[in-house]
Amino acid sequence: MAILVAVLIIAAVLGLIVLPSSLKVVKQYERGVIYRFGRVNRLPREPGPRMLVPFIDKMTKVNMQVVTMPVPSQEGITRDNVSVRVDAVLYFRVVDPIRATVDVQNYQFAMLQVAQTSLRSIIGKSELDDLLSGREKLHEGLELMLSTPATGWGIHIDRVEIKDVALPESMKRSMARQAEADRERRARIITADGELQASQKLSEAAATMDANPSALQLRMLQTVVEVAAEKNSTLVLPFPIELLRFFDRAGAAAQPPAPAPPPEPSQAPQAKPVDAAERPSEVEAGEQRAELPKSGPAQIPDPRSSEE
């Protein structure tokens, strides 16, 4: 009887020792890979409690959750000869736990190395503008480059994203100057366009006011109302020139016509000055006087001689 009790006690102690090593619990987000005498069981264990053969079976748990792996910064030269530093983030998960544990020694370390080399390769094939603004195509290229080896390891790539692009200080200053010049150009174009539109509208307004003089009076009254709304102690009232012209025309119409001024006394005509070139010289005048015949006094004929 004592021997039986001792055997039961020994069995209970061995059961307490062996039970924890033979009973395994697989969590919901895990899968169990069983090795029996070093050979893998092709059917992974599902979540729940699982019994193992003591000292024969060994189980490795594989996490099936999405793994977020940051890719360290990689320096490279883009296709347009700009040196940059790029870091990324990788999202992947295990879809085949047998391959992830048998075909590759450490799948997380392997994925990290593949991601670094792929990132360096994509930097050399891209331009700076693509790294800064066209990242969607780069993400697709990275995912394609990583999916080729990952598929053979039982890993599915969910997403790859470039997180940050670090540029040299000289390149940052150059880009800042370029952006500033572009903004200044657009500001000047907008200002010139605004002045053109304002001049066109002012020209149309001037033509309208010229055709309707009363519009100028209404505009003046509107200006007075706007100034009076400010509640200022001093009111400057512009006096239009058109109103002065109206008063001038009204006053000219009301006054009687002015008498005609008396004629001025006639003055003796002044001798026209003779040019020195037209005036004959004294010698020519003397010759003309000499050529004239000297005639005596006029003689009256005798009437008797006619009768005879």
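Reply: First, a term: a residue is buried under 20% relative accessible area, exposed over 50%, and partly exposed in between (1.4 Å probe, protein chains only). Keep in mind that this is a predicted model, where local features need pLDDT of at least 70, side-chain atom pairs count only at pLDDT 80 or more, and totals for chains, interfaces and linings use all residues. Residues are numbered from 1 along each chain as its sequence is written, and side-chain values use heavy atoms, leaving out hydrogens and water.

Let's go to the loop between strand E6 (67–77) and strand E7 (83–94), where Asn81 sits. (Strands, E, of at least two residues and helices, H or I, of at least four are DSSP runs, numbered from the N terminus.) Asn81 counts as exposed because its relative accessible area is 67%. Its backbone is worth a look too: phi of Asn81 is near 60 degrees, a positive value although the residue isn't a glycine. Most residues other than glycine have a negative phi. Phe37 also has a positive phi, about 50 degrees, without being a glycine. You'll find Phe37 in the loop between strand E2 (30–36) and strand E3 (39–40), and at 66% relative accessibility it counts as exposed.

Back to the E6–E7 loop and its contacts. The side chains of Arg79 and Glu127 meet in a salt bridge, 3.5 Å from N to O. Arg79 belongs to the loop between E6 and E7, while Glu127 is in the loop between H3 and helix H4 (128–132), so the pair ties together parts that are 48 residues apart in sequence. Arg79 is exposed at 52%, whereas Glu127, at 30%, is partly exposed.

A salt bridge here means a side-chain nitrogen of Lys or Arg within 4 Å of a carboxyl oxygen of Asp or Glu, and by this rule the count comes to 11. Arg93 is in strand E7 and Asp158 in strand E8 (residues 155–166), so to speak distant parts of the chain, 65 residues apart. Arg93 is partly exposed at 30%, and Asp158 is partly exposed at 31%.
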